[in-house]
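Reader: I would like to learn how to read pockets and helices in a structure. Please take me through one.

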Amino acid sequence: MFAYIPARSGSKRLPNKNIYPLNGIPLIQKVIYELKKLSFISNIYVSTDSNKIKKISEETGAICLDLRKKSLANDKAGFPDLIKHDLPRFIEHSNGDSKVLFTLATAALVTSSIYKKAHKKFSKFKPEILMSCEPYHSPIWWALKKEKNGFLSPIFKKKIKINSQFLKDTYTDSGLFYFFDQKILKKYSSHKDVKKLLSFEVPFEHRCDLNNKEDLERLKWKYSRLKKKKLIK
């Protein structure tokens with residue numbers, strides 16, 4: 001199994017977020033440092049379209065190969081595109097090993113111990129994909145949608161009268177990491193629509209999907225708390 005970190009340079013909402021300095025260290029470096037502690041990982045690969053990110057990653061001990069194709073480094077290129085069209089070159093470099101720990105470059109709060117627990121669960125239950133998750137704090141069954149007239153209406157009309165304790169628990173993608181076999185996952189159009197998807201609930205303090213400035217402030221706040229508790233460096 002190898003680790004794969006996608007790190008394109010073109011984030012519009014948070015420019016250069018993959019190398020944002022957290023306590024003076026780029027986020028992607030923190031991710032690489034934790035991955036280097038994992039004995040079940042053979043190589044750590046970074047897929048990027050940026051020479052700057054490539055330099056930082058290689059200096060930290062990752063392998064980058066050639067820069068990622070521009071067609072796979074724009075806003076339209078998603079998770080399935082990387083699975084099908086970018087991962088194969090790293091699989092070839094890894095002598096055909098297709099088992100992957102796909103980790104986001106912004107998952108700087110995830111520690112090696114969390115990866116180890118997730119890997120143990122992946123190995124035991126053998127899902128098609130193990131996805132880092134978090135629970136919805138409010139029942140998704142009570143969600144409302146905005147109609148064309150501007151008013152709200154319930155999405156699940158049959159559920160709105162049911163007390164929350166009687167509703168099924170629901171989860172969402174934490175946007176941190178995924179364990180899978182590329183040969184299996186490439187057959188699907190979405191990683192969330194596989195037959196055997198297993199969740200790994202990441203502790204609250206260690207999760208933060210980085211998409212906007214509010215997320216960035218939350219990331220810094222959580223990092224400071226973890227550092228005070230000596231749970232992260």
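Reader: Which helix and which strand each supply at least two residues of the lining of the largest pocket?

Author: This is a predicted model, where local features need pLDDT of at least 70, side-chain atom pairs count only at pLDDT 80 or more, and totals for chains, interfaces and linings use all residues. Residues are numbered from 1 along each chain as its sequence is written, and side-chain values use heavy atoms, with hydrogens and water left out.

Author: Rolling a probe the size of a water molecule over the atoms shows where empty space is left. On a 1 Å grid over the protein atoms alone, a pocket is an open set of points where a 1.4 Å probe fits, with protein on both sides within 12 Å along at least five of seven lines; lining residues have an atom within 4 Å of a point. Here helix 3 (79-85) and strand 9 (171-181) each supply at least two lining residues; helices (H or I, at least four residues) and strands (E, at least two) are DSSP runs, numbered from the N terminus. Strand 9 gives the most, 3 residues.

Reader: Which element gives the largest share of the lining of the second largest pocket?

Author: Helix 5 (residues 112-125) does, with 3 residues. The residues lining that pocket include H119, F122 and K126.

Reader: Which residues of helix 5 are buried?

Author: Buried means under 20% relative accessible area, exposed over 50%, partly exposed in between (1.4 Å probe, protein chains only). In helix 5, the buried ones are S112, I114, Y115, A118, H119 and F122. They line one face of the helix, because they fall within an arc of 150° seen down its axis, taken from the directions from the helix axis to the C-beta atoms. Exposed K117, K120 and K124 sit on the face turned away from the buried side.
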